[in-house]
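Visitor: I would like to go through this model one question at a time. Please show the sequence and structure before we start.

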Amino acid sequence: MTVTPQTNTTLDGIAEALLTHDDICICGHVSPDGDCIGSQLALRAALIQAGKRVSVLLAKDDPTDVGFRFLPGFDQMVPARAFTGPCGAFVQVDAPDAKRIGEDAARLRERAPFTITIDHHAAPERQTDLSYTDPDAAATALLIWQLVAHLGVSRTADIATCAYAGLMTDTGRFQHQNTDATVFKAACEMVDAGADPAAIASEFFQRRTMASIQLEARCIEHMELLCEGQAALSFVTHDDLESVGATKADCEQLVNVLRSIDGVRVAAMLRDEGRQVRGSFRAKDDIDVAALARRFGGGGHTAAAGFTLHDPLDKAIRRVRRAVEGAVCAGACEKAAD
Ligand SMILES: [Mn+2]
């Protein structure tokens, strides 16, 4: 466990603060993933059990992954923009800063009398009254699972299901570098508490839309291999999305498809959003793609990071291609010289 310097409390401290507040608003990040939604809904269920009034907010009102819909409490989620209820304490999970929670939630956070961060993304500064950030945790859902014990409520099947969904997705189905004994021990506890691995995996991974399959075909069409096949770069345009009827959520897995190619060490995927280009990096070995993403003002984890470029697509592709070649081809030369 490595808590960041921005961490100023313990999970016990977070639990105590939550129990002394009411009308708790729980928000995640823009382009929410399974860990984000799973963490929000697991915490919601635990706090309701503790007798609290809780609201769960979506950073944006974009359509989300279909897999989320079966998670207990998902139907209660409201976009931050539309939220008009009381907010006695604002909790952000799986998101380190105002940028990641988006403008609407950030405005709500400014008005909240008390603010909390529970996260596993290292960040340069603390933006809330309390923060517990552990970059060694494989998923925020793992921290929420631990927090539930500190709240003194029981780990119900609903909480376990939401937490398991977060843990399963952020470890890439228990395959990523962050998958360790702690992850399996927690997953075991969640299954003991009532999470159904096959049912949850089926909701997340056996429900792909035709649009997402067609979008994957476009992504593969546009793909180029760099550094003698050690890196893969691709993109989808706004037209690609429109012509197959895909949503932004359908893009999330494309970068993993690129990474899965034999010999590829780094994958880069760009999505043209018109005024900006959203990018994702994934690494298969020890290349630090968070450092690469930071060069474009983004960030994330060592093996999975993201960024946004305010460039036309062709320029964004050139910049990313150069950065990836610098990191991967140069790294390959160093390895050869060892
Ligand atoms: Mn996460």
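Visitor: How many salt bridges are counted between domain 1 and domain 2?
Guide: This is a predicted model. Domain 1 covers 11–205 and domain 2 covers 210–337. Lys 248 pairs with Asp 62, their closest N and O atoms being 3.6 Å apart. The count between domain 1 and domain 2 is one salt bridge.

Visitor: Which classes of residue make up the side of domain 1 that touches domain 2?
Guide: Besides the salt bridge count of one, five residue pairs are in polar contact between the domains, both residues at pLDDT 80 or more. By class, the side of domain 1 that touches domain 2 consists of one nonpolar, six polar and four charged residues.

Visitor: What area do domain 1 and domain 2 bury between them?
Guide: The domain centres, taken over C-alpha atoms, are separated by 27 Å. Eleven residues from domain 1 and twelve residues from domain 2 take part in the contact. Carbon and sulfur atoms account for 40% of the buried area, which is about 790 Å².

Visitor: Where does the salt bridge partner of Glu 189 lie?
Guide: The whole structure holds 15 salt bridges. In one of them, Glu 189 pairs with Arg 155, with 3.3 Å between the closest N and O atoms. Glu 189 is in helix 6 (residues 181–192), and the pair ties together parts that are 34 residues apart in sequence because Arg 155 lies in the loop between helix 4 (140–150) and helix 5.

Visitor: Which residues does Arg 294 touch, not counting those up to four places away in sequence?
Guide: Arg 294 is placed in helix 11 (residues 289–294). Gly 274 is 20 residues away along the chain, and the two C-alpha atoms are separated by 22 Å. With residues up to four places away left out, Arg 294 touches Asp 288 and Gly 299.

Technical notes: Residues are numbered from 1 along each chain as its sequence is written. This is a predicted model: local features need pLDDT of at least 70, side-chain atom pairs count only at pLDDT 80 or more; totals for chains, interfaces and linings use all residues. Side-chain values use heavy atoms; hydrogens and water are left out. Domain bounds come from an automatic or database domain assignment. Contact means heavy atoms within 4.5 Å. Buried area is the accessible area (1.4 Å probe) that two parts lose on being put together, summed over both. A salt bridge is a side-chain nitrogen of Lys or Arg within 4 Å of a carboxyl oxygen of Asp or Glu. A polar contact is a pair of N or O atoms within 3.5 Å; within protein, one must be able to donate a hydrogen and the other to accept it, and residues adjacent in sequence count only if both atoms are side-chain atoms. Ala, Val, Leu, Ile, Met, Phe, Trp, Tyr, Cys and Pro count as nonpolar, Asp, Glu, Lys and Arg as charged, and the others, Gly among them, as polar. Helices (H or I, at least four residues) and strands (E, at least two) are DSSP runs, numbered from the N terminus.
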